[in-house]
There are 2 protein chains.
Amino acid sequence: MNKKIALTGDRPTGCLHLGHYIGSLKNRIRLQNQYNQYIMVADIQALTDYFSNPSKISDSLLEVVADYISVGIDPNLSTIFIQSQITALPELVMYYMNLVTVSRLERNPTVKTEIQQKNFADSIPAGFLCYPVSQAADITAFKAEIIPVGEDQLPLIEQCNEIVRRFNRIYNTQCLKEAKAELSTTPRLVGIDGKAKASKSLNNAIFLKDSPEIIKEKVYSMFTDPNHIKISDPGKVEGNVVFTYLDAFYDDKEEIASLKKQYQKGGLGDTSIKSLLNKTLQNLLEPIREKRFSLKKDYLYDILYTGTQKAKTIAEHTLCEVKEAIGLNFFSNK
Amino acid sequence: MNKKIALTGDRPTGCLHLGHYIGSLKNRIRLQNQYNQYIMVADIQALTDYFSNPSKISDSLLEVVADYISVGIDPNLSTIFIQSQITALPELVMYYMNLVTVSRLERNPTVKTEIQQKNFADSIPAGFLCYPVSQAADITAFKAEIIPVGEDQLPLIEQCNEIVRRFNRIYNTQCLKEAKAELSTTPRLVGIDGKAKASKSLNNAIFLKDSPEIIKEKVYSMFTDPNHIKISDPGKVEGNVVFTYLDAFYDDKEEIASLKKQYQKGGLGDTSIKSLLNKTLQNLLEPIREKRFSLKKDYLYDILYTGTQKAKTIAEHTLCEVKEAIGLNFFSNK
């Protein structure tokens, strides 16, 4: 039996960090054995945000692929491709845009939240408002049935499926498939400052390619409990970034539970837990970093090129069915 | 010196009629000698309106091309192509959509008027709102400098040029060209009922392929002056469709002026002026109709195919420059 198709991806706007690792990359390493996995480097989607700073995107592209390969994504199991090179996708967008109203897009909770976060006010770029349509094109082009997402992205899958149902009904076809969200159970990883989620732009993330010195520096600068001054003071575990990271990256959950108790009671210093976390992260990141630095640029290009060619073929096939259903395949016999 | 490029076109939603002939086709026959003229059969744009009735579009496509050729558009001088087959166009749309805000599109006077006319209310399809961006893609893809339009379409050219300026500035390039509207001086041809402009959907138009009998029937059913009952009654010339058509299609303007005077004074019957108009239109349409019926379907397909291939090459070239400027030409060496 054919494996189901899963689609995931990232906006290439910088190197990937531990937040990506725990939130999605680890999951993809698992999924690539279970599903036929496509991983999209979403440069067009990134442009909806960074259109006036496109070098950020082109500069990050190979970095992101290097991160993929170094954590264990296998290009023989996962098809890695560049969104902007799949010309069928914008064509699908054009056909789907007729099936979605402006007010429906404006009501999309994910888009609404992001518009607030980005302070667009009255200057929302049309490309930004329409990016859920673009995502629907991405998903349907590959007939992806499994979309690993966080809860905040569920409205995007719902929007995609609305388009699928409407298209299939209007054009009397079954060529588009509804997708299912595979909900991530991992909470968003907090930044080392404890303030918000880890992100490059906030400069509060540990990157997969960070050197041992930088990792150590970042761990030792982590936000803990500002009232935990002497080792003997009782300390808070909630909001303590070191414990959040130990929860996420340290395998022995019992040991963590016992350390937390000791910390809360008093008698466990920040330096001790930071040292444990540092060792943990160094162990995790050392082989990833070594793999990363062994990767040649040409090899990464080849992976992207091969993946992109494969993705192109699949997407073209879907586009052909879509145009056939609408009745726009004029030169199909040529 | 290279000829300047002109771009025109029609939404293929039915056969063309005298309104198209006088409003644009006649002009194109002139322009094809002066400019390098591209004529786009705008099926994607037609879909923004007729997405739920796509067979109207596919059925009309060859009819429109037959109309072009039969009025004297020369496929050796004019490049006739199908919008949906130029895959570079939707790609350009994706890049341009980031450079236009939703509120700017909502403020576009042409779009605003059309939204009211079409009774979209709160259900404006995203594809409809964004069609000015799609038009900007059409115009810029061919680096068209001359766009023959009616006054009501000037805001669309302005929108296109805003995108051009913004793109060239942000991506530090000169690859996109501003377009110039070539304003039509011909007023919109009124329908035979005198109520609105001639249009297929209002069933008040004389089509280029109408038979002699139907032309005659339509001319004799034309709205004149309801108070002009006896021949001796003074009659009104304003709003009298027969005179409007004579103004548009009868060459001897002096004769018309004299007939109008006679009609206003009294003593000229509707039958006389209708007979003159009928003879005029029969003479105009007979050779067009004969040419039309001599055209083989395969010949029309070939014209479209050849034109589309040529248009594809030009548009791909522009897209390549656009992607180069943004920094998205990853595999340009492959």
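## Ground rules

This is a predicted model, where local features need pLDDT of at least 70, side-chain atom pairs count only at pLDDT 80 or more, and totals for chains, interfaces and linings use all residues. Residues are numbered from 1 along each chain as its sequence is written, chains are lettered from A in the order in which they are written, and side-chain values use heavy atoms, with hydrogens and water left out.

## Where chains A and B meet

Let's start with the interface. Here 52 residues of chain B are in contact with 52 residues of chain A (contact means heavy atoms within 4.5 Å). Together the chains bury about 4500 Å², with 70% of it on carbon and sulfur atoms; buried area is the accessible area (1.4 Å probe) that two parts lose on being put together, summed over both. B:N98, B:F330 and B:F331 supply 16% of the area that chain B buries against chain A, more than any other three residues.

What about charges? The count between chain B and chain A is zero salt bridges, a salt bridge being a side-chain nitrogen of Lys or Arg within 4 Å of a carboxyl oxygen of Asp or Glu.

## A strand under cover

Strands here are DSSP runs of E, at least two residues, and helices are runs of H or I, at least four, numbered from the N terminus.

Strand β2 (residues 36–41) of chain B runs parallel to β3(B), joined by five bridges, and B:I39 stands opposite B:I80.

## Salt bridges within the chains

Over all chains, the count comes to 32 salt bridges. In one of them, the side chains of A:R28 and A:D10 meet at 2.8 Å, N to O. A:R28 sits in helix α1 (residues 18–34) of chain A and A:D10 in strand β1 (residues 5–10) of chain A, so the pair ties together parts 18 residues apart in sequence. A:R28 is buried at 4% relative accessibility, and A:D10 is buried at 10%.

Another pair is A:E162 and A:R104, with their closest N and O atoms 2.6 Å apart. A:E162 counts as partly exposed at 29%, whereas A:R104 is buried at 16%.

Notes: Pairing = 2+ DSSP bridges. Buried < 20%, exposed > 50% of the residue type's maximum accessible area, 1.4 Å probe, protein only.
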